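The following explanation is intended for a reader who meets this structure for the first time. Please keep the sequence and the model in view while reading.

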Amino acid sequence: MKKFFKSLSIMLFFICTAFFGECILVSKDFPKIYNVADYSDISLSSYVPMKINATEKVLPANEICNKNCPIILQGRLTLLDIFPVKTVEMHLVDEKKVTPCGTPFGIKLFTSGPMVINISEVRTEIGASSPAQEAGIKKSDTITYLNGNPITTNEALAEAVEKSEGKTMKVTIMRNNSSLDFNVTPVKSIDDKKYKIGMWVRDSSGGIGTITFYDSKNGTFSGLGHGICDVDTGEILPLEHGEIMDASINGITRGIQGKPGELKGSFVGEKPIGELSANLQTGIYGKIKNISTDIPPKKIAMKQQVKTGPAKILTTISGKKPKYYDINIESINYNENNPTKNILISITDNELLEKSGGIVQGMSGSPIIQNGMLIGAVTHVFINDPKKGYAIFSETMLTKSHEIFNIINKINS
């Protein structure tokens, strides 16, 4: 009998250890802050039953916050509504409404300086060399100054290097938000007799995307749901300025397993309809003059209001007019470390599957509607299964939009 209880105790010990270890791991996947319209308990859609219970403890406002700070109540995240996992904050905020779009738009983005997309060698009379590499310049660096003079285009960089006539230059670059200086000595190429420093650069990008929503109160828009990255480096392009253009979809390449499809579009007109203000991990943001749509404004869902099950995406696969298509929310991940992949979706609409094969390039930013609310935007497609992809919470995009334009308004005031 003693042997039995001893074995049982050991087994219970390991079960409890595994259970509480799971609680620790689970706690990392859930945010600390939740926006709420009231202080009702929150049930989260997760592979384990998770719930947030409001307490009666009111937390003090942040010292740097202004008088519009939300009331903050402490909450308790629990597993199975019994076991406490961690304390969280519940911020009482007003529900926001925006206009879902799903319309295509053209993008013209100009970087804050030439971005290094590759390091190369220059053939000279005494052999091949790469002055940029020898100086310490790396792929993904952004060139900002030469000898103290600002450089914003590829042409300006090439002209300044050529005029150096081989004299050492101070090259200032941005790397991981830090400014660094390097001394680079150009060499003369035997191919075209011009001075070079051995690197390929890019100063602009363009393409077609989808606008997620329009905030008529502020005249702002949010789109894509992910940043515009350089095709060679994979890094988000640093925005100097940019424009958005009216666009129309005139064709589609159907996605198949192993090869994503693509919306084919063209710019309509020569005048921009808005300007870019930010190119970030969570999307692109800017000002727009107006958006013509018959879609009524909808509430932005808070992340805990997003549920697994049926939903619809609003996207355009022909012309300029968006249409609703059926999808299913497969799972929800609240981890904030990768905000563009918080919602797993699958296309269930037969018409969309027949025409596009599922999610294709150019659909990024297509709004997702569930229970009459805007809950997210399409961001990624699974290359090996184009019927499936990821989406970002629309709440994340709205929060980032407010941060951006609050900063811009303070700078301009």
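The paragraphs below pass from the chain as a whole to two individual residues.

The model is a predicted one, in which local features need pLDDT of at least 70, side-chain atom pairs count only at pLDDT 80 or more, and totals for chains, interfaces and linings use all residues. Residues are numbered from 1 along each chain as its sequence is written, and side-chain values use heavy atoms, with hydrogens and water left out.

The chain contains 28 strands and five helices; these are DSSP runs numbered from the N terminus, with at least two residues (E) for a strand and at least four (H or I) for a helix. Among contacts (heavy atoms within 4.5 Å) between residues at least 6 apart in sequence, 67% join residues at least 24 apart.

The chain has 413 residues, of which 44% count as buried. Buried means under 20% relative accessible area, exposed over 50%, and partly exposed in between, with a 1.4 Å probe and protein chains only.

Two loop residues deserve a separate look. As background, most residues other than glycine have a negative phi. N147, although not a glycine, has a positive phi of about 55 degrees. This residue sits in the loop between strand 10 (142-146) and strand 11 (149-150), and N147 is partly exposed at 46% relative accessibility.

N371 is not a glycine either, and its phi is positive, at about 55 degrees. Its loop runs between strand 26 (367-370) and strand 27 (373-382). With a relative accessible area of 65%, N371 is exposed.
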